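Please read them with the structure open beside you.

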Protein chains: 2
Amino acid sequence: MKDSKNDKVSRRDFIRTYTLVTAASGTVLSLNGCNNRITAQRTQGRKGIFSKDCTILFQGDSITDAGRNRGRENNANDSAALGKGYVYIIAAQLLADRSSDGLNIYNRGNSGNKVFQLADRWDKDCFSLKPDVLSILIGVNDIWHTLNGKYDGTVEKYENDYRALLERTKQKLPKIKLVICEPFVLRCGAVNEKWFPEFDRYRASAKKISQEFNTLFVPFQFMFDKACKETSPAYWAADGVHPTMAGASLMAQTWLKTVTNTV
Amino acid sequence: MKDSKNDKVSRRDFIRTYTLVTAASGTVLSLNGCNNRITAQRTQGRKGIFSKDCTILFQGDSITDAGRNRGRENNANDSAALGKGYVYIIAAQLLADRSSDGLNIYNRGNSGNKVFQLADRWDKDCFSLKPDVLSILIGVNDIWHTLNGKYDGTVEKYENDYRALLERTKQKLPKIKLVICEPFVLRCGAVNEKWFPEFDRYRASAKKISQEFNTLFVPFQFMFDKACKETSPAYWAADGVHPTMAGASLMAQTWLKTVTNTV
């Protein structure tokens with residue numbers, strides 16, 4: 001992948017996040033642009049952003065959905081309802097590592113979704129659950145469905161829709177803790193040169209939104225670019241979009257490293 | 001759980017395994033009863049018991065099966081074919097952490113199986129795959145089906161059948177690396193006082209077999225007993241036998257800690 005300016009920004013933030021999350025001392029660190037989130041993490045100790053009995057909601061498209069059983073979606077911590085992707089692996093580890101914390105984990109990713117479709121179902125699939133922590137991975141369909149003529153999207157529409165969704169969310173749930181996951185693609189399968197440099201702009205928008213709302217940011221594109229230096233892109237996502245089991249595991253590890261300090 | 005003599009033995013071995021696997025120095029350690037396996041692990045460095053392009057086979061009963069798709073069982077590293085239990089979580093992490101190693105991972109656990117039923121299908125479900133590493137978790141049905149009148153089992157039969165199976169395996173595949181998983185139950189659901197102390201004898205037999213064949217041993221009972229001090233048994237295995245998502249994750253972590261040095 002091209003080492004664009006955005007890539008470099010992501011990489012710096014990635015290393016910064018890792019260093020701070022895994023640092024051993026109790027000092028509250030201060031760095032430009034991420035003071036609040038680091039302070040919040042560190043003063044809450046081992047639990048990180050998770051409070052006792054809190055509700056954690058994963059939202060997104062097919063990568064998050066991962067074959068989840070919708071008939072069981074109202075059950076927290078239900079193996080079938082969590083699908084078989086990165087959400088399942090994260091949930092299994094959180095429930096094992098924090099067994100006394102009473103976590104309630106839900107997956108409401110829907111295959112094919114773009115940002116505006118999250119907004120359409122936000123009352124049912126977000127507010128009704130009253131999440132304390134909300135992790136969102138969205139964006140690949142906003143460009144993919146535009147490239148294949150199914151949708152008339154632009155980066156500006158993506159960014160504005162995303163901003164409006166989070167403003168609405170913060171208004172309704174002021175104390176919510178947000179985790180924005182970077183959209184990613186791998187150069188194989190359905191992903192060809194036509195995606196670039198446009199896709200990098202979608203990624204930059206997700207990053208910008210994360211900074212505006214002062215959220216945690218999970219750098220999936222940087223992670224996969226690094227992984228592809230060792231193994232072919234198709235090993236991690238055969239069609240360039242949907243992660244394999246190995247790709248899902250890598251995503252889970254990076255999410256956990258970014259959001260908690262237990263891995 | 002009662003802290004029996006067997007529990008104490010398991011705990012010592014558990015701590016010993018952890019200490020050695022995670023030790024930082026390059027020295028080959030020597031301890032009674034486990035010289036060979038420690039030497040083998042340490043001299044192979046990061047890969048532990050896994051050689052390049054090796055085949056790893058998981059065998060057992062429903063706990064290993066975990067809803068695997070039998071129609072895809074001949075595909076290595078196939079998410080559906082690996083089920084949704086501890087095997088899936090282990091496989092996902094191994095494939096992510098060792099992406100350059102060309103691992104081939106299979107699950108051939110069958111619900112309801114006892115040791116003699118593994119033997120019945122060993123040509124098809126073990127030898128045909130020529131595994132380099134074989135992990136077995138078997139035993140709970142040998143006692144459960146006896147308690148409920150479906151089988152006429154004894155500890156002696158279990159131990160003799162297990163020994164014969166491993167002798168046959170070592171004869172056919174002399175270089176195979178074996179991992180014996182300790183059978184476990186949690187005191188809830190279907191598991192009541194009638195299971196004890198008989199079940200402890202089954203566990204002791206599995207341990208004895210592991211020592212006779214100088215295999216790695218994964219101390220699942222000790223692990224769950226420890227976990228139950230923090231959270232109720234049903235949190236880890238609602239019916240006392242089949243792990244929840246949290247239980248499966250805990251098993252995967254312990255398996256990986258015992259067998260590799262990457263966690």
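1. Chain A, in this predicted model, holds an open sheet of 5 strands with parallel pairing. The strand order across the sheet is 2-1-3-4-5. Strand 2 (104-107) and strand 5 (216-218) of chain A stand at the edges. Each of these two has a single partner strand, so one side of each has no neighbour in the sheet. Direction ignored, neighbouring strands of the sheet are turned by 15 degrees against each other on average.

2. In chain A, strand 1 (residues 55-60) pairs with strand 2 in the parallel sense, over 4 bridges. To find this pairing by eye, look for Phe58(A), which stands opposite Asn107(A) in strand 2 of chain A.

3. A helix also packs on the sheet of chain A: helix 9 (residues 198-212), which touches strand 4 (177-181) and strand 5 of chain A. The direction of helix 9 makes about 160 degrees with that of strand 5 of chain A.

4. Two backbone details in chain A deserve a look. The peptide bond from Phe196(A) to Pro197(A) is cis, with omega near 0 degrees. Pro197(A) lies in the loop that runs between strand 4 and helix 9 of chain A. The other detail is Asp53(A), a residue other than glycine with a positive phi, near 60 degrees. Asp53(A) is in the loop between helix 2 (35-43) and strand 1 of chain A.

5. Turn now to chain B. Its open sheet has 5 strands in the order 2-1-3-4-5, with parallel pairing. The edges are taken by strand 2 (104-107) and strand 5 (216-218) of chain B; each has a single partner strand, so one side of each is left without a neighbour in the sheet. From one strand to the next, the twist averages 15 degrees.

6. Within this sheet, strand 1 (residues 55-60) and strand 3 (residues 133-137) of chain B pair in the parallel sense over 5 bridges. Leu57(B) stands opposite Leu134(B) in strand 3 of chain B. Helix 8 (residues 155-172) of chain B packs on the sheet, touching strand 3 and strand 4 of chain B, and its direction makes about 160 degrees with that of strand 4 of chain B. Helix 12 of chain B lies across strand 1, strand 3, strand 4 and strand 5 of chain B, and runs at about 160 degrees to strand 5 of chain B.

7. Chain B has a cis peptide bond from Phe196(B) to Pro197(B), with omega near 0 degrees. Pro197(B) lies in the loop between strand 4 (177-181) and helix 9 (198-212) of chain B.

8. How many residues does each chain bring to the contact? Chain B gives 27 residues and chain A gives 27 residues. The area buried between chain B and chain A is about 2100 Å², and carbon and sulfur atoms give 56% of that area. On the chain B side, Lys84(B), Tyr88(B) and Met245(B) lose the most area to chain A, together 34% of what that side buries.

9. Helix 4 (86-97), helix 11 (233-236) and helix 12 (245-259) of chain B each supply at least two residues of the side that touches chain A. The largest share, 8 residues, comes from helix 4 of chain B. The residues of this side divide into 13 nonpolar, 9 polar and 5 charged.

How values were computed: Residues numbered from 1 in each chain as written. Chains lettered and ligands numbered in written order. Predicted model: local features only at pLDDT ≥ 70, side-chain atom pairs only at ≥ 80, totals over all residues. Heavy atoms only, no water. Contact = heavy atoms within 4.5 Å. Buried area = accessible area lost by both parts, 1.4 Å probe. Nonpolar A, V, L, I, M, F, W, Y, C, P; charged D, E, K, R; others polar. Pairing = 2+ DSSP bridges. Axes fitted to C-alpha atoms, helices over the stretch in contact; angles between N-to-C directions.
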